[in-house]
Amino acid sequence: MHIEIAYEDLAKTNHCFREDFQSIFSQTLIQGQFVLGQHVADFEKSWADYCQTRFAVGVNSGLDALTLAILALELPPKSEIIVPAHTFIATVLSVLQAGHIPVLVEPEEHTYNIDHHRIEEKITPQTKALIAVHLYGSPCKMDALKRICGQHHLYLLEDAAQAHGARFQGQKVGSWGDLASFSFYPAKNLGALGDAGAVVCHSEKYFQKINLLRNYGSTQKYIHSEQGYNTRLDELQAAFLHIKLKALDRINAHKNDLATLYHAHLKEDFVKPHILPEAESVYHIFAIRHPQRDKLREYLLQKGIQTGLHYPIALPAQEAFLGKWNINDYPISKKIAETQLSLPIAFFHQKNEIAYVIEIMNQF
Ligand SMILES: Cc1ncc(COP(=O)(O)O)c(C=O)c1O
(Lines give C-alpha, C1' and ligand atoms only; values in the text may rest on other atoms or scores of the structure.)
Protein backbone atom coordinates (compact mmCIF):
# COMPACT_ATOMS: atom_id res chain seq x y z
CA MET A 1 0.00 0.00 0.00
CA HIS A 2 1.42 3.41 -0.97
CA ILE A 3 -0.49 6.53 0.07
CA GLU A 4 0.47 10.13 -0.73
CA ILE A 5 0.05 12.40 2.28
CA ALA A 6 0.54 16.13 1.70
CA TYR A 7 1.68 18.26 4.62
CA GLU A 8 -0.79 20.98 3.66
CA ASP A 9 -3.34 21.43 0.88
CA LEU A 10 -5.20 24.71 1.17
CA ALA A 11 -7.68 23.88 -1.59
CA LYS A 12 -8.76 20.78 0.37
CA THR A 13 -8.81 22.64 3.69
CA ASN A 14 -11.16 25.25 2.22
CA HIS A 15 -13.28 22.87 0.15
CA CYS A 16 -16.22 22.64 2.57
CA PHE A 17 -16.54 26.45 2.69
CA ARG A 18 -16.54 26.93 -1.08
CA GLU A 19 -20.25 27.64 -1.61
CA ASP A 20 -20.45 30.09 1.29
CA PHE A 21 -17.33 31.88 0.03
CA GLN A 22 -18.76 32.18 -3.47
CA SER A 23 -22.03 33.52 -2.18
CA ILE A 24 -20.42 36.17 0.06
CA PHE A 25 -18.07 37.14 -2.76
CA SER A 26 -21.04 37.76 -5.09
CA GLN A 27 -22.90 39.76 -2.44
CA THR A 28 -19.84 41.91 -1.70
CA LEU A 29 -19.25 42.53 -5.38
CA ILE A 30 -22.83 43.75 -5.76
CA GLN A 31 -22.62 45.96 -2.65
CA GLY A 32 -19.29 47.47 -3.71
CA GLN A 33 -17.81 48.12 -0.27
CA PHE A 34 -14.30 46.63 -0.22
CA VAL A 35 -12.47 48.45 2.58
CA LEU A 36 -13.53 48.99 6.23
CA GLY A 37 -17.20 48.15 5.91
CA GLN A 38 -19.70 45.93 7.70
CA HIS A 39 -17.82 42.65 7.11
CA VAL A 40 -14.75 43.94 8.96
CA ALA A 41 -16.85 45.39 11.80
CA ASP A 42 -18.86 42.16 12.18
CA PHE A 43 -15.80 39.93 12.11
CA GLU A 44 -13.99 42.13 14.65
CA LYS A 45 -16.91 41.83 17.04
CA SER A 46 -17.09 38.06 16.68
CA TRP A 47 -13.31 37.68 16.97
CA ALA A 48 -13.19 39.72 20.18
CA ASP A 49 -16.02 37.56 21.61
CA TYR A 50 -14.20 34.40 20.59
CA CYS A 51 -10.97 35.59 22.24
CA GLN A 52 -12.72 36.73 25.44
CA THR A 53 -11.51 40.32 24.94
CA ARG A 54 -13.45 43.58 24.66
CA PHE A 55 -11.97 44.65 21.34
CA ALA A 56 -10.48 43.34 18.11
CA VAL A 57 -9.06 45.31 15.19
CA GLY A 58 -8.55 43.62 11.83
CA VAL A 59 -5.28 44.33 10.06
CA ASN A 60 -3.33 43.15 7.07
CA SER A 61 -1.12 40.45 8.61
CA GLY A 62 0.17 38.91 11.83
CA LEU A 63 3.40 40.87 11.52
CA ASP A 64 1.52 44.16 11.28
CA ALA A 65 -0.76 43.15 14.16
CA LEU A 66 2.21 42.62 16.46
CA THR A 67 4.03 45.75 15.26
CA LEU A 68 0.95 47.90 15.89
CA ALA A 69 0.39 46.26 19.29
CA ILE A 70 3.93 47.27 20.28
CA LEU A 71 3.51 50.79 18.86
CA ALA A 72 0.28 51.21 20.85
CA LEU A 73 2.30 50.94 24.08
CA GLU A 74 4.18 54.17 23.16
CA LEU A 75 7.43 52.97 24.75
CA PRO A 76 10.57 55.10 24.80
CA PRO A 77 12.57 54.53 21.57
CA LYS A 78 15.01 51.61 21.74
CA SER A 79 13.30 49.94 24.70
CA GLU A 80 14.27 46.33 25.28
CA ILE A 81 11.55 43.78 24.63
CA ILE A 82 11.96 40.15 25.64
CA VAL A 83 11.09 37.59 22.98
CA PRO A 84 11.71 33.86 22.68
CA ALA A 85 14.79 32.87 20.66
CA HIS A 86 12.75 30.07 19.07
CA THR A 87 9.88 31.57 17.07
CA PHE A 88 8.98 32.65 13.54
CA ILE A 89 11.04 35.64 12.40
CA ALA A 90 7.98 37.96 12.50
CA THR A 91 8.08 38.16 16.30
CA VAL A 92 11.58 39.65 16.25
CA LEU A 93 10.91 41.81 13.17
CA SER A 94 7.90 43.42 14.85
CA VAL A 95 10.12 44.65 17.71
CA LEU A 96 12.71 46.02 15.29
CA GLN A 97 10.09 47.63 13.05
CA ALA A 98 8.55 49.35 16.07
CA GLY A 99 12.00 50.86 16.84
CA HIS A 100 12.96 48.67 19.81
CA ILE A 101 15.56 46.08 20.76
CA PRO A 102 14.65 42.39 20.83
CA VAL A 103 16.26 40.47 23.71
CA LEU A 104 16.23 36.74 23.05
CA VAL A 105 15.46 34.17 25.72
CA GLU A 106 15.95 30.44 25.16
CA PRO A 107 12.91 28.13 24.93
CA GLU A 108 12.14 25.11 27.06
CA GLU A 109 13.25 22.00 25.24
CA HIS A 110 9.98 20.08 25.48
CA THR A 111 7.27 22.74 25.27
CA TYR A 112 9.26 24.81 22.71
CA ASN A 113 7.94 27.98 24.41
CA ILE A 114 9.94 30.65 26.23
CA ASP A 115 11.62 29.33 29.40
CA HIS A 116 10.23 31.52 32.16
CA HIS A 117 13.15 30.59 34.45
CA ARG A 118 15.54 32.40 32.11
CA ILE A 119 13.65 35.67 31.72
CA GLU A 120 14.61 37.59 34.84
CA GLU A 121 18.36 37.37 34.17
CA LYS A 122 17.72 39.33 30.92
CA ILE A 123 15.72 42.16 32.49
CA THR A 124 17.46 45.57 32.68
CA PRO A 125 16.14 49.08 33.46
CA GLN A 126 15.51 49.44 29.71
CA THR A 127 13.26 46.36 29.52
CA LYS A 128 9.65 47.44 28.99
CA ALA A 129 7.75 44.47 27.62
CA LEU A 130 7.69 40.73 27.06
CA ILE A 131 6.17 38.90 24.11
CA ALA A 132 4.78 35.45 24.86
CA VAL A 133 4.60 33.36 21.68
CA HIS A 134 2.26 30.37 21.89
CA LEU A 135 4.31 28.38 19.44
CA TYR A 136 2.80 25.51 17.45
CA GLY A 137 -0.58 26.32 19.07
CA SER A 138 0.54 25.44 22.58
CA PRO A 139 0.04 28.08 25.31
CA CYS A 140 2.98 29.49 27.27
CA LYS A 141 3.00 29.27 31.05
CA MET A 142 0.91 32.43 31.34
CA ASP A 143 0.57 32.56 35.13
CA ALA A 144 4.38 32.65 35.48
CA LEU A 145 4.80 35.20 32.68
CA LYS A 146 2.10 37.44 34.12
CA ARG A 147 3.75 37.27 37.55
CA ILE A 148 7.18 38.21 36.13
CA CYS A 149 5.67 41.11 34.16
CA GLY A 150 3.82 42.33 37.26
CA GLN A 151 6.92 42.20 39.45
CA HIS A 152 9.11 44.03 36.92
CA HIS A 153 6.48 46.46 35.57
CA LEU A 154 6.64 45.05 32.05
CA TYR A 155 3.84 45.08 29.50
CA LEU A 156 2.75 41.60 28.46
CA LEU A 157 2.05 41.01 24.77
CA GLU A 158 0.95 37.73 23.21
CA ASP A 159 1.90 36.57 19.73
CA ALA A 160 -0.97 34.15 19.23
CA ALA A 161 -0.45 33.79 15.46
CA GLN A 162 -0.43 29.99 15.79
CA ALA A 163 -2.85 29.53 18.67
CA HIS A 164 -6.42 30.56 17.75
CA GLY A 165 -8.67 29.26 20.49
CA ALA A 166 -5.97 27.72 22.71
CA ARG A 167 -6.47 28.07 26.46
CA PHE A 168 -4.37 28.30 29.59
CA GLN A 169 -6.18 27.52 32.86
CA GLY A 170 -9.41 27.59 30.85
CA GLN A 171 -8.83 31.15 29.65
CA LYS A 172 -8.28 31.88 25.96
CA VAL A 173 -4.84 32.97 24.79
CA GLY A 174 -4.99 36.53 23.57
CA SER A 175 -6.95 37.57 26.66
CA TRP A 176 -4.01 37.28 29.09
CA GLY A 177 -1.83 40.13 27.88
CA ASP A 178 -2.21 43.90 27.50
CA LEU A 179 -2.57 43.28 23.77
CA ALA A 180 -2.33 40.21 21.57
CA SER A 181 -1.81 39.61 17.87
CA PHE A 182 -3.15 36.94 15.54
CA SER A 183 -2.24 35.95 11.99
CA PHE A 184 -4.86 34.59 9.59
CA TYR A 185 -2.28 33.52 7.02
CA PRO A 186 -4.03 30.83 4.90
CA ALA A 187 -2.32 27.86 6.59
CA LYS A 188 -3.31 28.93 10.13
CA ASN A 189 -6.09 27.12 12.05
CA LEU A 190 -8.26 30.10 11.12
CA GLY A 191 -6.85 31.02 7.73
CA ALA A 192 -8.01 33.64 5.22
CA LEU A 193 -7.70 33.39 1.43
CA GLY A 194 -4.73 35.73 1.53
CA ASP A 195 -2.93 37.78 4.18
CA ALA A 196 -4.85 38.96 7.24
CA GLY A 197 -4.38 39.50 10.97
CA ALA A 198 -5.91 41.08 14.07
CA VAL A 199 -5.02 42.74 17.34
CA VAL A 200 -7.16 42.08 20.43
CA CYS A 201 -7.17 43.95 23.75
CA HIS A 202 -9.33 44.87 26.74
CA SER A 203 -8.37 48.55 26.82
CA GLU A 204 -10.36 51.14 24.89
CA LYS A 205 -7.27 53.34 24.71
CA TYR A 206 -5.27 50.71 22.82
CA PHE A 207 -8.28 49.89 20.66
CA GLN A 208 -8.59 53.53 19.54
CA LYS A 209 -4.85 53.75 18.93
CA ILE A 210 -4.69 50.61 16.75
CA ASN A 211 -7.73 51.81 14.79
CA LEU A 212 -5.85 55.01 14.02
CA LEU A 213 -2.54 53.37 13.22
CA ARG A 214 -3.97 50.84 10.76
CA ASN A 215 -5.69 53.56 8.71
CA TYR A 216 -3.20 56.38 8.05
CA GLY A 217 -3.66 57.84 11.54
CA SER A 218 -7.23 58.68 10.61
CA THR A 219 -10.77 57.78 11.67
CA GLN A 220 -12.37 60.50 9.55
CA LYS A 221 -11.48 60.70 5.88
CA TYR A 222 -8.55 63.09 5.15
CA ILE A 223 -8.25 64.12 8.82
CA HIS A 224 -4.99 62.68 10.20
CA SER A 225 -4.22 62.98 13.90
CA GLU A 226 -0.98 61.02 13.57
CA GLN A 227 1.39 59.41 11.09
CA GLY A 228 -0.16 55.99 10.63
CA TYR A 229 0.12 53.05 8.25
CA ASN A 230 -2.06 51.38 5.70
CA THR A 231 -2.62 47.94 7.16
CA ARG A 232 -6.37 47.36 7.04
CA LEU A 233 -8.15 44.03 6.87
CA ASP A 234 -9.97 43.71 3.53
CA GLU A 235 -13.75 43.34 3.52
CA LEU A 236 -13.57 40.11 1.53
CA GLN A 237 -11.01 38.51 3.84
CA ALA A 238 -13.11 39.54 6.86
CA ALA A 239 -16.18 37.96 5.26
CA PHE A 240 -14.32 34.71 4.51
CA LEU A 241 -12.87 34.62 8.02
CA HIS A 242 -16.30 35.17 9.55
CA ILE A 243 -17.64 32.14 7.68
CA LYS A 244 -14.72 29.99 8.82
CA LEU A 245 -14.84 31.24 12.40
CA LYS A 246 -18.09 29.31 12.89
CA ALA A 247 -16.10 26.15 12.13
CA LEU A 248 -12.95 27.00 14.13
CA ASP A 249 -13.81 24.93 17.18
CA ARG A 250 -14.55 21.98 14.89
CA ILE A 251 -11.22 22.50 13.09
CA ASN A 252 -9.37 22.65 16.43
CA ALA A 253 -11.19 19.57 17.74
CA HIS A 254 -10.27 17.61 14.62
CA LYS A 255 -6.61 18.56 14.91
CA ASN A 256 -6.72 17.63 18.58
CA ASP A 257 -8.08 14.17 17.65
CA LEU A 258 -5.20 13.70 15.21
CA ALA A 259 -2.68 14.86 17.84
CA THR A 260 -4.15 12.36 20.31
CA LEU A 261 -3.35 9.56 17.85
CA TYR A 262 0.26 10.72 17.57
CA HIS A 263 0.61 11.04 21.33
CA ALA A 264 -0.86 7.57 21.92
CA HIS A 265 0.87 5.56 19.21
CA LEU A 266 4.16 7.14 18.13
CA LYS A 267 7.12 5.23 19.52
CA GLU A 268 9.15 6.75 22.34
CA ASP A 269 12.11 7.18 19.93
CA PHE A 270 10.40 10.37 18.82
CA VAL A 271 10.37 13.25 21.27
CA LYS A 272 6.74 14.36 21.38
CA PRO A 273 5.61 17.89 22.31
CA HIS A 274 4.93 18.48 25.98
CA ILE A 275 1.73 20.43 26.56
CA LEU A 276 1.52 22.02 30.01
CA PRO A 277 -1.10 20.31 32.21
CA GLU A 278 -3.01 23.62 32.59
CA ALA A 279 -3.00 24.20 28.81
CA GLU A 280 -5.12 23.19 25.82
CA SER A 281 -3.13 23.28 22.59
CA VAL A 282 -4.82 23.78 19.22
CA TYR A 283 -2.02 21.89 17.45
CA HIS A 284 -1.40 24.32 14.63
CA ILE A 285 1.76 22.22 14.24
CA PHE A 286 2.58 18.77 15.64
CA ALA A 287 6.31 19.10 16.33
CA ILE A 288 8.43 16.10 17.17
CA ARG A 289 12.19 15.78 17.48
CA HIS A 290 14.61 13.07 16.42
CA PRO A 291 18.42 13.09 16.34
CA GLN A 292 18.37 11.84 12.72
CA ARG A 293 15.73 14.32 11.62
CA ASP A 294 16.96 14.78 8.03
CA LYS A 295 17.22 11.04 7.45
CA LEU A 296 13.76 10.52 8.93
CA ARG A 297 12.33 13.28 6.74
CA GLU A 298 13.83 11.73 3.59
CA TYR A 299 12.57 8.26 4.61
CA LEU A 300 9.03 9.61 5.05
CA LEU A 301 9.17 11.40 1.72
CA GLN A 302 10.18 8.12 0.02
CA LYS A 303 7.02 6.63 1.55
CA GLY A 304 4.90 9.49 0.17
CA ILE A 305 4.60 11.45 3.43
CA GLN A 306 5.39 15.17 3.40
CA THR A 307 6.54 16.92 6.54
CA GLY A 308 7.52 20.48 7.53
CA LEU A 309 10.35 22.20 9.40
CA HIS A 310 9.55 24.95 11.90
CA TYR A 311 12.17 26.26 11.59
CA PRO A 312 15.27 24.91 9.81
CA ILE A 313 17.60 27.76 10.87
CA ALA A 314 17.55 29.14 14.42
CA LEU A 315 16.75 32.87 14.51
CA PRO A 316 20.12 34.00 15.95
CA ALA A 317 21.81 32.21 13.01
CA GLN A 318 19.64 33.74 10.25
CA GLU A 319 21.59 35.75 7.69
CA ALA A 320 19.16 38.65 8.19
CA PHE A 321 20.56 39.07 11.72
CA LEU A 322 24.24 38.61 10.85
CA GLY A 323 26.44 40.02 13.62
CA LYS A 324 23.53 40.64 16.01
CA TRP A 325 23.65 37.44 18.04
CA ASN A 326 26.00 34.50 18.51
CA ILE A 327 24.24 31.19 17.87
CA ASN A 328 26.46 29.48 20.45
CA ASP A 329 24.66 31.50 23.14
CA TYR A 330 21.42 29.75 22.11
CA PRO A 331 22.19 26.01 22.19
CA ILE A 332 18.59 24.92 22.84
CA SER A 333 17.22 26.91 19.90
CA LYS A 334 20.02 25.48 17.75
CA LYS A 335 19.25 21.93 18.86
CA ILE A 336 15.54 22.38 18.10
CA ALA A 337 16.33 23.77 14.63
CA GLU A 338 18.50 20.72 13.92
CA THR A 339 16.13 18.04 15.20
CA GLN A 340 12.53 19.32 14.88
CA LEU A 341 10.07 17.83 12.38
CA SER A 342 6.42 18.84 11.78
CA LEU A 343 4.05 15.95 11.05
CA PRO A 344 0.88 16.14 8.92
CA ILE A 345 -2.02 17.46 11.04
CA ALA A 346 -4.25 19.52 8.73
CA PHE A 347 -8.04 19.87 8.88
CA PHE A 348 -8.43 17.70 5.77
CA HIS A 349 -6.35 14.80 7.09
CA GLN A 350 -8.32 11.70 8.02
CA LYS A 351 -7.57 9.57 11.07
CA ASN A 352 -6.63 6.60 8.89
CA GLU A 353 -4.05 8.76 7.12
CA ILE A 354 -2.48 9.72 10.43
CA ALA A 355 -2.54 6.05 11.49
CA TYR A 356 -0.59 5.31 8.30
CA VAL A 357 1.96 8.06 9.10
CA ILE A 358 2.39 6.58 12.58
CA GLU A 359 2.80 3.03 11.22
CA ILE A 360 5.47 4.14 8.74
CA MET A 361 7.25 6.27 11.35
CA ASN A 362 7.36 3.47 13.87
CA GLN A 363 9.19 1.33 11.28
CA PHE A 364 11.99 3.89 10.97
C1 LIG B 1 4.57 33.00 15.62
C2 LIG B 1 4.22 33.89 14.47
N3 LIG B 1 4.22 35.21 14.65
C4 LIG B 1 3.88 36.06 13.65
C5 LIG B 1 3.54 35.60 12.41
C6 LIG B 1 3.29 36.59 11.32
O7 LIG B 1 2.07 36.43 10.68
P8 LIG B 1 1.88 36.87 9.15
O9 LIG B 1 2.58 35.87 8.31
O10 LIG B 1 0.40 36.89 8.98
O11 LIG B 1 2.47 38.24 9.02
C12 LIG B 1 3.49 34.23 12.18
C13 LIG B 1 3.05 33.72 10.86
O14 LIG B 1 3.48 32.95 10.17
C15 LIG B 1 3.85 33.34 13.22
O16 LIG B 1 3.86 32.03 13.03
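How many helices and strands are there in the protein chain? In this predicted model, the protein chain contains 12 helices and 12 strands. Its radius of gyration is 20 Å, close to the 21 Å given by the globule rule for 364 residues, so the chain is as compact as a globular protein of that length. Along the principal axes, the C-alpha atoms fill a box of roughly 65 × 55 × 40 Å. Of the 364 residues, 58% count as buried.

Strand S4, which spans residues 127-133, is mostly covered, with six of its seven residues buried. S4 pairs with two strands, S2 and S5. Strand S2 (residues 80-84) runs parallel to S4 and is joined to S4 by three bridges; here Glu80 stands opposite Thr127 of S4. Strand S5 (residues 155-159) is likewise parallel to S4, and five bridges join these two strands. Within this pairing, Ile131 is found opposite Leu157 of S5.

Phe25, Leu29, Phe34, Val35 and Leu36 together make a nonpolar surface patch of about 420 Å². Among these residues, Phe25 lies in helix H2, which covers residues 18-31. The relative accessible area of Phe25 is 39%, and this residue is therefore classed as partly exposed, a value that is also over the 30% required of patch members.

Key: Residues are numbered from 1 along each chain as its sequence is written. This is a predicted model: local features need pLDDT of at least 70, side-chain atom pairs count only at pLDDT 80 or more; totals for chains, interfaces and linings use all residues. Side-chain values use heavy atoms; hydrogens and water are left out. Patches are made of residues with over 30% relative accessible area and no salt bridge: like charges are joined within 9 Å, nonpolar side chains (Val, Leu, Ile, Met, Phe, Trp, Tyr) within 5 Å. Accessible areas come from the Shrake-Rupley method with a 1.4 Å probe; for residues, only the protein chains shown count as cover. A salt bridge is a side-chain nitrogen of Lys or Arg within 4 Å of a carboxyl oxygen of Asp or Glu. Helices (H or I, at least four residues) and strands (E, at least two) are DSSP runs, numbered from the N terminus. Buried means under 20% relative accessible area, exposed over 50%, partly exposed in between (1.4 Å probe, protein chains only). Two strands pair if DSSP finds at least two bridges between them. The radius of gyration is taken over C-alpha atoms; the globule rule is 2.2 Å times the number of residues to the power 0.38.
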